[in-house]
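Please read the following note with the structure open beside it. The points are numbered so that each can be checked in turn.

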Amino acid sequence: SDVCSSDWELFMDTVEIKGSNIPFLRRILDSGNVQLKSRGLSKVLEDNVESYEVPKPVLRTTYIDDAMRIVRDEDDNMFVYGRVSKSQEPTDYSGVMADLGVASLLEGFNDAVTKVYL
């Protein structure tokens, strides 16, 4: 489809994962030294895999103000984004325990099945 002035054609450049719930992996990912250069990877794939084409999703902004943005994708799916902070700093996950969610899983199982309370 044609891209007009209200459309954004997206390209991933660098991907970082922060705040993983896997304890040993979290330390590595949160170090700031691990990044996936996805644009470079896409170029290698496109140059070497005949059937591969770099995805270029187009998002069209249909409404925007200081607190909310409404966007539609090329399939006309609607996404509503709300601003939760004006900060552009990444979230600090150092105060959130990396626990794989096991405690919450066991608590939910107990509440739904065994119903043993101390």
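1. Is Arg60 buried, partly exposed or exposed? In this predicted model, Arg60 counts as partly exposed, because its relative accessibility is 30% and the partly exposed class lies between under 20% for buried and over 50% for exposed.

2. The side chain of Arg60 forms a salt bridge with that of Asp76, at 3.5 Å from N to O. This pair connects distant parts of the chain, 16 residues apart. Arg60 belongs to strand 2 (residues 58-64), whereas Asp76 sits in the loop between strand 3 (68-72) and strand 4 (78-82). In general terms, side chains of opposite charge can pair when their charged atoms come close.

3. Asp76 also meets the side chain of Arg72 in a salt bridge, here at 3.7 Å from N to O. Arg72 is partly exposed, with a relative accessible area of 23%. Through shared partners, the salt bridges join Arg60, Arg72 and Asp76 into one network.

4. The phi of Lys115 is near 55°, which is a positive value in a residue other than glycine. Lys115 is placed in the segment after helix 3 (102-114). With a relative accessible area of 52%, Lys115 is exposed, since the exposed class begins over 50%.

5. How many salt bridges does the structure hold? There are 6 salt bridges in the structure. One of them pairs the side chains of Arg26 and Asp30, at 3.5 Å from N to O. Arg26 is buried, with a relative accessible area of 10%, whereas Asp30 is partly exposed, at 30%.

6. The next subject is empty space. Rolling a probe the size of a water molecule over the atoms shows where empty space is left. The largest pocket holds about 290 Å³ of space, and 15 residues line this pocket. Those nearest its centre are Phe11, Met12, Ser42, Val54 and Pro55.

7. Which kinds of residue make up the lining of the largest pocket? The lining divides into 9 nonpolar, 2 polar and 4 charged residues.

Notes. Residues are numbered from 1 along each chain as its sequence is written. This is a predicted model: local features need pLDDT of at least 70, side-chain atom pairs count only at pLDDT 80 or more; totals for chains, interfaces and linings use all residues. Side-chain values use heavy atoms; hydrogens and water are left out. On a 1 Å grid over the protein atoms alone, a cavity is a set of points where a 1.4 Å probe fits but cannot get out, and a pocket is an open set with protein on both sides within 12 Å along at least five of seven lines; lining residues have an atom within 4 Å of a point. Grid points are joined across faces, edges and corners, and a volume is the space filled by probe spheres set on the points. Ala, Val, Leu, Ile, Met, Phe, Trp, Tyr, Cys and Pro count as nonpolar, Asp, Glu, Lys and Arg as charged, and the others, Gly among them, as polar. A salt bridge is a side-chain nitrogen of Lys or Arg within 4 Å of a carboxyl oxygen of Asp or Glu. Buried means under 20% relative accessible area, exposed over 50%, partly exposed in between (1.4 Å probe, protein chains only). Helices (H or I, at least four residues) and strands (E, at least two) are DSSP runs, numbered from the N terminus.
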